[in-house]
Amino acid sequence: MSTTNPPPPPPKLKTRILNIPPSSPLGSWSSPNSLQTWTLPPTPLIPPSLTLAATALTTSTASSFSTPVAFPTETVYGLGADATSSTAVKGIYTAKGRPSDNPLIVHVSDLSMLNTLSTIPEIYHELISKFWPGPLTILLPVPTSGQLLAPEVTAGLTTFGARMPDSPLARALIQLVGKPLAAPSANASTRPSPTKAVHVLEDLEGKIELILDGGDCESGVESTVVDGLCNPPVVLRPGGVGIEEIRQVKGWEGVVKGYKDRSEVGEGHKPRAPGMKYKHYSPRARVVLFEGHKPVNVGKELEGGGQKKVGVIRTGEWEGLVGETEGRIESEEGGFAVRQGSLRDEEGKELATVLDVDLGRDVKGVAHGLFAALRELDRLGADIIFVEGVSDGDDIAAAVMNRLRKAASEIRP
């Protein structure tokens, strides 16, 4: 009786970060006010690190083991692989530890590339004109014949998500590869999404070979996902484009919310879009979310809990560090500082170390710094993180609260 040995685990890789200078020429549109063709600069002007990454994505599809490449977009860092190659796409799932029924978004450099994958229904024409390139993903039908996408991209669905990133670096990489790139966020599955190259390294070191460093991402939350193939059209995932903005577009006045703010594990269905089913965006520390700026008494929360280091993320109404504090800056990220102090009882006994982050009142600033703040408090060893929620709305605030509710271990209304 013969037996089949399990495949060997993928080798541990040496992960390199390749810098892309901010002033690098990355291309332009062939015609003004047209998204039809993204044209690259002359070959000698293309950054060598970008060419190296494109070559890695092109040549790895021919081998039995494929490793994706991490690259920045305007939303978060993505983990890209040739969307037409099963071997390449499987490499994404392996590197992230991502469930195989969680579909991937396909990134294109221009409309010419998208037209090779599917027909674009008329319902999307004005939406594309207004929001592309940008943080909006549209669901398109998978062709019944001549399908180019690897089946792993769609996870068995009859639709796939597509978007055109606003990052010229991302579009240049896609154009250099000459194929659409399947690209979820470049983090380990369930972890906070990465907004810096170092965040990718924290999660995926040894699992991928190349990270393109194009600086911090602008938005900090992923794209909005919409489905215009049904009536009324639906927002499947809130993100960088608000639902009220979408309602201003002809044909989308009646768009409705079609997502839940908590994971939907065990409900017996395949997710229609990324981020719908599984727990996401979670740091290692326990996260307690307080909705609607409800005040928190940190001392009371810690009674009998044994936590020695407490993270606090403020978004407007909460006061600063509680109790006696030195207010020392422990670290400084792109848009915020982490201040360290001491929480003491009435007798002056130290109860815990507090790591305080103030993301400010501007919801776009909160969105930009949220994932980085969760990661930084993790890095500094927080046992528990208390987060002040923002006021729910139909703009980017909806995306912020959606991510926080999926990250939270406990939610206080």
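A search of the whole structure turns up four aromatic pairs. A pair here means rings of Phe, Tyr or Trp (for Trp, its six-membered ring) with centres within 6.5 Å; planes under 30 degrees apart count as stacked, over 60 as edge-to-face and the rest as tilted. Take tryptophan 29 and tryptophan 38: their ring centres are 4.9 Å apart and their planes stand at 75 degrees, so this pair is edge-to-face.

Before I go on, this is a predicted model: local features need pLDDT of at least 70, side-chain atom pairs count only at pLDDT 80 or more, and totals for chains, interfaces and linings use all residues. Residues are numbered from 1 along each chain as its sequence is written, and side-chain values use heavy atoms, with hydrogens and water left out.

Back to the two tryptophans. Are they buried or exposed? Buried means under 20% relative accessible area, exposed means over 50%, and partly exposed is in between, using a 1.4 Å probe and protein chains only. Tryptophan 29 has 23% and is partly exposed, while tryptophan 38 has 4% and counts as buried. Arginine 171 lies over the face of tryptophan 38, at 4.0 Å from the ring centre. For that label, NZ of Lys or CZ of Arg must be within 6 Å of the ring centre and within 35 degrees of the ring normal.

Now tryptophan 38 again, at 4% and buried, and then another pair. Phenylalanine 290 and tryptophan 318 have ring centres 5.6 Å apart and planes at 70 degrees, so they too are edge-to-face. Phenylalanine 290 is in strand 14 (residues 286–290) and tryptophan 318 is in the loop between strand 15 (309–314) and strand 16 (328–332), so the pair ties together parts 28 residues apart in sequence. Helices (H or I, at least four residues) and strands (E, at least two) are DSSP runs, numbered from the N terminus. Both phenylalanine 290 and tryptophan 318 are buried. Ring pairs link Phe290, Trp318 and Phe386 into a cluster.

Next, two helices. The axes of helix 1 (residues 48–59) and helix 6 (residues 168–177) come within 9 Å and cross at roughly 50 degrees. Axes are lines fitted to C-alpha atoms, for helices over the stretch in contact, and angles run from 0 to 180 degrees between N-to-C directions. Helix 1 and helix 6 are therefore oblique to each other; under 35 degrees would be roughly parallel, over 145 roughly antiparallel, 65 to 115 roughly perpendicular, and the rest is oblique. Which residues of helix 1 and helix 6 meet? In helix 1 they include Leu50, Ala54 and Leu57, and in helix 6 they include Leu169, Leu173 and Leu176. Contact means heavy atoms within 4.5 Å.

Last, the backbone. Most residues other than glycine have a negative phi, and most peptide bonds are trans. A cis peptide bond joins tryptophan 132 and proline 133, with omega about -10 degrees. Proline 133 is in the loop between helix 4 (125–131) and strand 7 (136–141). The bond from asparagine 231 to proline 232 is also cis, with omega near 0 degrees.

Alanine 155 has a positive phi, near 55 degrees. Alanine 155 is buried, at 10% relative accessible area. Threonine 190 has a positive phi of about 85 degrees, and is partly exposed at 34%.
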